[in-house]
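Visitor: I am new to this structure. Please show me how to read it.

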Amino acid sequence: MATTTVKSALWQGIRDGAPYLLVLAPFSALFGVLATEAGLSVFETLAFAVLVIAGSAQFTALQLMTEHTSTVIVIISALAVNLRMAMYSASLAPHLGQAPIWKRAIAAYLTVDQSYALSVSKYERDEGMSIDQKIAYFFGVMIPIAPAWYAFTLIGALGGKAVPPELALDFAMPLSFTAMIGPMLRTPAHVVAAFVSASGGLLLAGIPYNLGLLIAALIAILAGAQVELLQKRRLDRDG
């Protein structure tokens with residue numbers, strides 16, 4: 001019975017992750033195209049995607065590399081953009097922290113926006129899931145996503161300039177984030193944090209090295225926490 005339950009969690013993860021292929025395919029293909037246009041070889045482009053597996057950080061690093069920015073700044077900027085992964089890890093730790101270290105290592109590598117958003121949402125809905133079921137679901141989400149990320153990056157790298165600019169593949173990134181974040185806006189705190197982060201990101205877009213995104217994220221966290229605190233105080237007062 002336990003095996004069947006774990007298998008069911010795995011297949012549920014696969015089913016939940018599969019729809020993201022609609023946006024990940026053009027997004028990863030776009031990276032492949034731009035990377036080769038920027039001077040990277042097909043092998044370097046694919047290695048970049050496999051080793052980093054973080055779309056926003058990859059595009060940030062690629063943009064700075066094309067501007068001949070120093071390697072130190074490229075690394076720092078990519079890490080700043082990916083700082084949210086530290087928050088993702090802290091959020092996932094109570095759910096996956098008891099898994100064997102080799103499974104946690106693989107989960108750390110596969111922690112991306114899609115795997116985090118879907119898994120945390122699933123864990124919150126089904127509080128009775130065992131550690132094996134949680135791991136199975138997490139890995140299941142990435143079974144369709146990770147191979148597609150590599151494959152379409154390779155396709156984009158091989159296609160290179162053959163992709164016409166009118167296809168506008170850059171729509172994929174905002175669409176992907178909208179699909180992930182929308183269903184998670186279940187409380188006023190979530191809505192406020194999303195609104196503040198989006199507004200802050202636009203207002204602070206002029207700050208060099210994409211640091212405006214990091215500042216906007218920190219402000220959004222504080223805003224969401226403040227809303228939760230006000231709600232708690234109101235409930236305590238009314239109760």
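Visitor: Which helix gives the most to the lining of the second largest pocket?

Guide: First, the ground rules. This is a predicted model, where local features need pLDDT of at least 70, side-chain atom pairs count only at pLDDT 80 or more, and totals for chains, interfaces and linings use all residues. Residues are numbered from 1 along each chain as its sequence is written, and side-chain values use heavy atoms, with hydrogens and water left out.

Guide: Now the general idea. Rolling a probe the size of a water molecule over the atoms shows where empty space is left. A pocket is an open set of points on a 1 Å grid over the protein atoms alone, where a 1.4 Å probe fits, with protein on both sides within 12 Å along at least five of seven lines; lining residues have an atom within 4 Å of a point. Here, helix 6 gives the most, with 5 residues. Helices are DSSP runs (H or I, at least four residues), numbered from the N terminus.

Visitor: How much space lies in the second largest pocket?

Guide: About 240 Å³, the space filled by probe spheres set on the points, which are joined across faces, edges and corners. The lining has 15 residues; S89, L92, A107, A108 and T111 are closest to the centre.

Visitor: Where is K134 found?

Guide: In helix 9 (residues 131-159). Contact means heavy atoms within 4.5 Å. Beyond residues up to four places away in sequence, K134 touches H95, L96, Y123 and M129.

Visitor: Which residues does Y137 contact, leaving aside neighbours within four places in sequence?

Guide: Among them are A9, L10, D16, L118, Y123 and M129.

Definitions and conventions
Helices (H or I, at least four residues) and strands (E, at least two) are DSSP runs, numbered from the N terminus.
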